[in-house]
Amino acid sequence: MLYRPETFEPLTEEPWDETRVRAAIRSIVADAEAAFDPDSLWPADEWDAWQARLPLTSLYVGAAGVVWALDDRRGALGQRLAGQRRRALAAARCGRPLGESTGRSQPGAAHGVGTNVNALLQGGELFPSERHEELKRATAEAFDRTAVVEDGLANWPMTAEEYPNLAADDGEIRLQWCHGGAGVVASAAAYLEEELLLAGAELVWRAGPPGMEKGLGICHGTAGNGYALLKVFERTGDERWLERARRFAVHGLGQVERWRATRGRGRYSLWTGDIGPALFAADCLDSRTAVPIVDAVDW
C-alpha cells in the first residue's frame, strides 16, 4: 500500500471563493498579531515545544518563522509587524535546522535530497552552472530508482536504505512534504521525469488532505501537500492542478478554523501552524509556486 487512507480526510466540498479566502488569510494574520507578547513571543503548541526551551524562537516552529511569514511580501498576506517585528527578531535565536544530518539518504523535502539539490541550484556563482544539468539528471535518476509505483501512482520511502519498503521505523507510511511523495514532487518538479512526477502528484490528490492528527501546516499537513499540486501546475501549465491546489487551500483554511474552535486559539509557527495554510492560500491566489524559505528567501 502506498499510503494509509485512514490518516487522510475527505476533501471539502466548499468551492474556491477569492473573497472568503482573503478574509480567512486576514483572520490568521490578525490572530497571530494579537497573540504576540514582547517577552513570551507566541504561545507554543505542545508538539512544537516538546523538549524545547521556551520561548520558541526557531525558524521551524518559533518566532523567527512567524516573523518571516508575517513580513513576507506576498500580496494577500503582506501585513507587517513594525515594532513587534524588531522585538521578535531581536529575541529570535537559531533553532533546530530544517534538514538535520542523519547519516541516511532521504528522498523527502524537509530532511532530504530534493531540498538540498534546490539549495545548490539556487547557489548562483557558488555552484558552477555547468554542473546544474548533471546534478538534476543524477537526482532525477535517484528518484526514479527509489520510487514505488502501483497502478500509475507513486510514493517514496522514508530513506533510500528502506527501499522498496515504504514503512518508517514506527510502521507508518508517509505521504507528506517532509517525508514521502508530496515533498519529492514539490522539491523536484522542475526536473523529475514527467510520468513519475504526475504519478506522485496524482497520489497526493487522490489521498486528499492529511487529517487533523498530522495537522494543516507545510511540514506534514495539508498546505505542504498542496504545494506539490502547485508545482505540477507550474511544470505542466495545466489549470486543473491549480484548481486542485486551491481546493486543498480551502480545506486547509477550514482546518485552521476547526483547530481554533477545539483549542481556543491558533497555532503559531511557520511550518506546523496556521501561518502555513495562510501562505499557501495566498500563493494559490497569485498562482505563485515557491515553497516558503526553501525555494527562495526574500529578506
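**Packing around helix H9**

Analyst: In this predicted model, helices H9 and H10 pass each other in a left-handed crossing. Their axes approach within 9 Å and cross at roughly 150 degrees, with H10 spanning residues 275–286. An angle over 145 degrees counts as roughly antiparallel, and H9 and H10 are therefore roughly antiparallel to each other. On the H9 side, the contact is made by Leu-242, Ala-245, Arg-246, Phe-248, Ala-249, Gly-252, Leu-253 and Val-256, and H10 contributes Pro-277, Phe-280, Ala-281, Cys-284 and Leu-285. By class, the residues of this H9–H10 contact comprise 11 nonpolar, one polar and one charged.

Helix H9 (residues 239–263) also packs with helix H7 (residues 194–207), where the axes come within 11 Å and cross at roughly 35 degrees. The crossing of H7 with H9 is left-handed. Here H7 supplies Leu-198, Ala-201, Glu-202, Val-204 and Trp-205, while H9 supplies Trp-241, Arg-244, Arg-247 and Phe-248. The residues of the H7–H9 contact divide into six nonpolar, no polar and three charged.

Glu-9 has a relative accessible area of 14%; values under 20% count as buried, so Glu-9 is buried. Leaving aside residues up to four places away in sequence, Glu-9 touches Ala-207, Gly-208, Pro-209, Pro-210, Gly-211, Met-212, His-251, Gln-255 and Arg-258. With Met-212, the side chain of Glu-9 reaches the backbone nitrogen at 3.5 Å.

How values were computed. Residues are numbered from 1 along each chain as its sequence is written. This is a predicted model: local features need pLDDT of at least 70, side-chain atom pairs count only at pLDDT 80 or more; totals for chains, interfaces and linings use all residues. Side-chain values use heavy atoms; hydrogens and water are left out. Axes are lines fitted to C-alpha atoms, for helices over the stretch in contact, and angles run from 0 to 180 degrees between N-to-C directions. Helices (H or I, at least four residues) and strands (E, at least two) are DSSP runs, numbered from the N terminus. A crossing is left-handed if the near helix is turned anticlockwise from the far one by less than a right angle, and right-handed if clockwise. Contact means heavy atoms within 4.5 Å. Ala, Val, Leu, Ile, Met, Phe, Trp, Tyr, Cys and Pro count as nonpolar, Asp, Glu, Lys and Arg as charged, and the others, Gly among them, as polar. Angles under 35 degrees count as roughly parallel, over 145 as roughly antiparallel, 65 to 115 as roughly perpendicular and the rest as oblique. Buried means under 20% relative accessible area, exposed over 50%, partly exposed in between (1.4 Å probe, protein chains only). A polar contact is a pair of N or O atoms within 3.5 Å; within protein, one must be able to donate a hydrogen and the other to accept it, and residues adjacent in sequence count only if both atoms are side-chain atoms.
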